Amino acid sequence: MKELNLQNIRQQLDVMDAQLTELFEKRMELCREVAEYKIHTGKPVYDSAREKQKLEAVTALAHSDFTRKGTYELFSQIMTISRRLQYGLLAAHGQAMDMGFTMVEDLKRENVRIAYQGVEGSYGHGAALQYFGREADVYHVKTMEDAMVEVEEGRADYCILPIENSSAGAVSDNYDLLVKHDVYIVAETELPVSHALLGLPESSLEDIRTVYSHPQALMQSSRYLNSHRDWKQISTVNTAVAAKKVAEEKNISQAAVASPAAGELYGLKALETSINHNKNNVTRFIILSRIPVYKKGSSKVSICFEGAHRSGSLYNMLGNLIYNDINMLMIESRPIPGRSWEYRFFVDAQGSLSDAAIQNALKGISEEAVSLRILGNY
């Protein structure tokens, strides 16, 4: 292609781009007028049937498979941007989404009871004392779900549960429990994890044949444990439960992977220390309450949503965060029980429920999602 011809094409493209920009701005002005109408009538911003008809109509105007697909994608995005403009205008006129949360100066910490899963000496026990103080009224329950039920039914003011580990990833079952139970995340704390191989005082490494621990602790120490090919690894519900089991059964061939604190508590000897391969291993714990509150100055919002089971659904949901300049910190997906190959998504985003940007984004997601739940602001 001759250079003169290329320059001419570029000039034509520049003119078309300017025209497209002008038309886009005119379209947004019309959308603004539509928003004013919806403000006064209370009609919802998102009308899926209308959008479907519009997309079919404009796609039919294109003349090839490529441009039909491109036209569909282009106008899908234009309509998405239009909705976000309208959500913002509705929020500015006092029609923001009711978050259902109350802002407080601080969490209640006096005369409260805190439930954790496991037994004394577990990492959950340590995390509870780290956040609430060494003199806190803490007590243990058997399972993670039991801890949530204690809060939900009012026997505990808070419970504390692991949600993510820096090396082993998400504690997936607890994400599912957050949806199942009527509790809210009000705080979090991070606990450094250092696993030790604990045995009876008279045991030696040569005696060990069976190692007990929580599945994540076994995973986090897998390089060390797998180097001993003759050791059998058995999962328990908690690291401290494993330590207690070894102490009570008094079998020199048994060992537990747990914290040094658990070893001291149950009279075990550290046969090896710091056996987790990631030396910067940290577990993030969440603190749950049955009361939907958030502290003034909170900077992380956790939500869970389900999108329609169709192409582009997740993209459109997350677009509400992007358009409002919200930084997404984490996303996790979990299967929806009873619906094969369909998923719900858990997202952590930077911000506060009192922020206009967060309010606008959640308003958009709530109107376009099959369901949305705010899990907490902390």
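**Reading spaces and a helix crossing**

Mentor: Start with strand E4, which gives the largest share of the lining of the largest cavity, 5 residues. This is a predicted model: local features need pLDDT of at least 70, side-chain atom pairs count only at pLDDT 80 or more, and totals for chains, interfaces and linings use all residues. Residues are numbered from 1 along each chain as its sequence is written, and side-chain values use heavy atoms, without hydrogens and water.

Trainee: How many cavities of 30 Å³ or more does a search of the whole structure find?

Mentor: General idea first. Rolling a probe the size of a water molecule over the atoms shows where empty space is left. On a 1 Å grid over the protein atoms alone, a cavity is a set of points where a 1.4 Å probe fits but cannot get out; a pocket is an open set with protein on both sides within 12 Å along at least five of seven lines; lining residues have an atom within 4 Å of a point. Here the search finds 3 cavities of 30 Å³ or more. The largest cavity holds about 280 Å³ of space.

Trainee: Which residues lie nearest the centre of the largest cavity?

Mentor: They are Tyr123, Pro162, His214, Thr283 and Phe285, out of 21 lining residues. The elements giving two or more residues to this lining are helix H4 (123-132), strand E4 (158-165), helix H7 (215-220) and strand E12 (282-289). Helices (H or I, at least four residues) and strands (E, at least two) are DSSP runs, numbered from the N terminus.

Trainee: How do the residues of that lining divide?

Mentor: Into 10 nonpolar, 10 polar and 1 charged. Ala, Val, Leu, Ile, Met, Phe, Trp, Tyr, Cys and Pro count as nonpolar, Asp, Glu, Lys and Arg as charged, and the others, Gly among them, as polar. Now take the second largest cavity, with about 70 Å³ of space. Its lining has 10 nonpolar, 1 polar and 2 charged residues. Among these 13 residues, Tyr175, Leu178, Ile185, Ser302 and Asp348 lie nearest the centre. Helix H6 (172-180), E12, strand E14 (300-306) and strand E16 (343-350) each supply at least two residues.

Trainee: What volume does the largest pocket have?

Mentor: About 540 Å³. Leu55, Tyr72, Ser76, Arg310 and Asn316 are the closest to its centre, of 21 lining residues. Helix H2 (48-61), H3 and H11 each supply at least two residues. H3 gives the most, with 6 residues. The lining divides into 6 nonpolar, 8 polar and 7 charged residues.

Trainee: At what angle do the axes of helix H3 and helix H11 cross?

Mentor: Axes are lines fitted to C-alpha atoms, for helices over the stretch in contact, and angles run from 0 to 180 degrees between N-to-C directions. The axes of H3 (residues 65-92) and H11 (residues 313-323) come within 11 Å and cross at roughly 50°. That makes H3 oblique to H11. Angles under 35 degrees count as roughly parallel, over 145 as roughly antiparallel, 65 to 115 as roughly perpendicular and the rest as oblique.

Trainee: Which residues make the contact?

Mentor: Contact means heavy atoms within 4.5 Å. H3 brings Gln77, Thr80, Ile81, Arg84, Leu85 and Tyr87, and H11 brings Tyr315, Asn316, Gly319, Asn320 and Tyr323. They divide into 5 nonpolar, 5 polar and 1 charged.

Technical notes. Points joined across faces, edges and corners; volume = space filled by probe spheres on them.
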